[in-house]
Amino acid sequence: MSEDDRIAVVGLACRVPGADDAPALWRNLLSGVDSVRRVPAGEGAPGGPDWVSAFGRLDDLEGFDADLFGYPAAAAALLDPQHRLFLEVAWHALEDAAIDPDRDPAQIGVFAGCAPSRYLHHHLLGNPALAPAAGTLAEDWDDALTGSGCDYLPTRTAFALGLSGPAVAVQTACSTSLVAVCQAGQSLLDYRCDVAIAGGAAVVSTRQAGYRLRPGGLLATDGVCRPYDAAATGQVFGNGAGAVVLKRLADARADGDNVYAVLAGWAVNNDGADRPGFTVPGVSGQAAVMAEALASVGWDAVDVGYLEGHGTGTPVGDAIEVDALARVRRGARGPLLLGSVKGNLGNLDAAAGVISLIKAVYAVRTGQVPGTAHFTGAHDDVDLAAAGAEVDAQTRPWAYERRAGVSSFGLGGTNAHVLVEPAPATDAPDAGAPGPVVLGLSAGSPAALRELARRLALRLADGDLAVADVAHTLAVGRRRLAYRDAVACADAGEAVRRLTALAAGDPASDDDAAVRAWRAGDEPAVPPGRRVPLPGYPFRRTRHWIEARR
């Protein structure tokens, strides 16, 4: 299999319960943090004996950096929070990949989906606050519908970020964002685009307070999601969004990109009618999608050492998933570690698959496999032994083949499976050319510029980045915004000192001609170096929200 047949993950970003970015999510997973919140009575929870006050909530769901994305306040208030979330994670994912669409000639596509709009139904429809929000009632409805429709999520992203590749909406329920990854990968292999953003967003509750139990339902009676566990009683939902940036591997290597991991293959199918009912998953369909993905790259089931499963904590669904896995492995006894991020975050609906992929990418890259939260022992109906698999509640070093599978299964039967392997070895990073470099920053406001300087100083203080690479990344991979400043530095220590002063409001020195040119809006030559992950843009979120109608 050549580099032309594989896809590089060159950028990623997320906003999920307990974490505003991917590094924070990874730290939480390694520490086994359960980010599902229990909402005390009187803080939005209606209460009652059938009410479970547990939810994977997002802080500041109402906030949005409307000025940065060019939205007047009235229009921002009509925009569904799922669209807002995805705009932010798509922006951060491109930054993480060091790609500025304004100056990069590559055709960039976006493949994404979201959950049905609760904001439209519970906040906008029939709300008298819409009348003064924009001109006529008809205009209000047009703005509300295009601002909330799932069809418009990828096209809105393409418009806001200036992306000219295919912008395709994907809707397959909980498997939406992983199916979007598969669609994006295929588009790259077919040369329909050169770069692709793939992912999804979900706001399954604007109240973020919990849920009411229904007899025979799929929700956890105790408010705890326990994938594959003996005490599992169902799933817990949450809000979140995630995105990855993909390139053909050969292009990524030629461009000097930071490659997190490689997508070796994938498959998508549907259970069809071979299942008891429309909302019940099918064993044969899930087994077939895993087998097809493996066959597409010539791997055997024993070649995969870790599987990030769908694992919702519903005993029936988990048992079917492990049964399908057993069919694929056919009694093979090669070691396989099985896990699910949903124990930490809850089920993030249309965003669930891409978050699972981000977890698997980090695991492949670092050689650490996070534990599955709340696991104590397998449910009687979950036959791990038949699949030759084990689940561990503790983070452990990766002792198996460092290849991973990621499964995501949607209500309605659309299944997706993606195979992940490590990035190919590269030459040792160049320390960068000797002598001073210029770190050019730009932001949409003076406050955001200072915060960006503070974040970059903290990142450089870690001591693992060459300032030449940082200068190169800032030059090629950040948008040119209205407020600019820069520092000249010879090494990381000097960069930290000058950036810290800039963050504190002290004007940077004017003694460097390149610094003065940058402030004046000139475009200096791009310095040599590699693209490296740097802190994302500090969004200045202000409240844009229409209250739910009573």
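**Around Leu460**

Analyst: Skipping sequence neighbours within four places, Leu460 is in contact (heavy atoms within 4.5 Å) with Leu439, Leu465, Val467, Val470, Ala492, Ala495, Val496 and Leu499. Before going on: this is a predicted model, where local features need pLDDT of at least 70 and side-chain atom pairs need 80 or more, while totals for chains, interfaces and linings use all residues. Numbering runs from 1 along each chain as its sequence is written, and side-chain values use heavy atoms, with hydrogens and water left out.

Leu460 belongs to the largest nonpolar core, a set of 78 residues in which Phe86, Ile197, Leu439 and Leu460 have the most contacts. A core here means buried Ala, Val, Leu, Ile, Met, Phe, Trp, Tyr and Cys residues joined through side-chain atoms within 4.5 Å. Buried is under 20% relative accessible area, exposed is over 50%, and partly exposed is in between (1.4 Å probe, protein chains only). Helix 4 (residues 81–96) supplies the largest share of this core, 8 residues; helices (H or I, at least four residues) and strands (E, at least two) are DSSP runs numbered from the N terminus. A separate core has 53 residues, including Val9, Tyr362, Ala404 and Val418.

Gly440 sits in strand 19 (residues 437–443) and is buried at 12% relative accessibility. Neighbours within four places aside, Gly440 touches Leu474, Asp485, Ala486 and Trp518. Its C-alpha is 9.8 Å from that of Ala453, 13 residues away along the chain.

Ala54, in strand 4 (residues 54–55), is buried too, at 1%. Beyond four places in sequence, Ala54 has contacts that include Arg37, Tyr211 and Val236.

Now for some helix packing. Helix 8 (residues 176–189) and helix 13 (residues 352–366) have axes that come within 4 Å and cross at roughly 70°. Those axes are lines fitted to C-alpha atoms over the stretch in contact, with angles from 0 to 180 degrees between N-to-C directions. The pair therefore counts as roughly perpendicular (65 to 115 degrees; under 35 is roughly parallel, over 145 roughly antiparallel, the rest oblique). Ser177, Leu178 and Val181 of helix 8 meet Ala352, Gly353, Val354 and Leu357 of helix 13.

Most residues other than glycine have a negative phi. Tyr191, in the loop between helix 8 and strand 8 (195–202), has a positive phi near 60° and is exposed at 54%. Gln208, in the loop between strand 8 and strand 9 (211–212), also has a positive phi near 60°, but Gln208 is buried at 3%.
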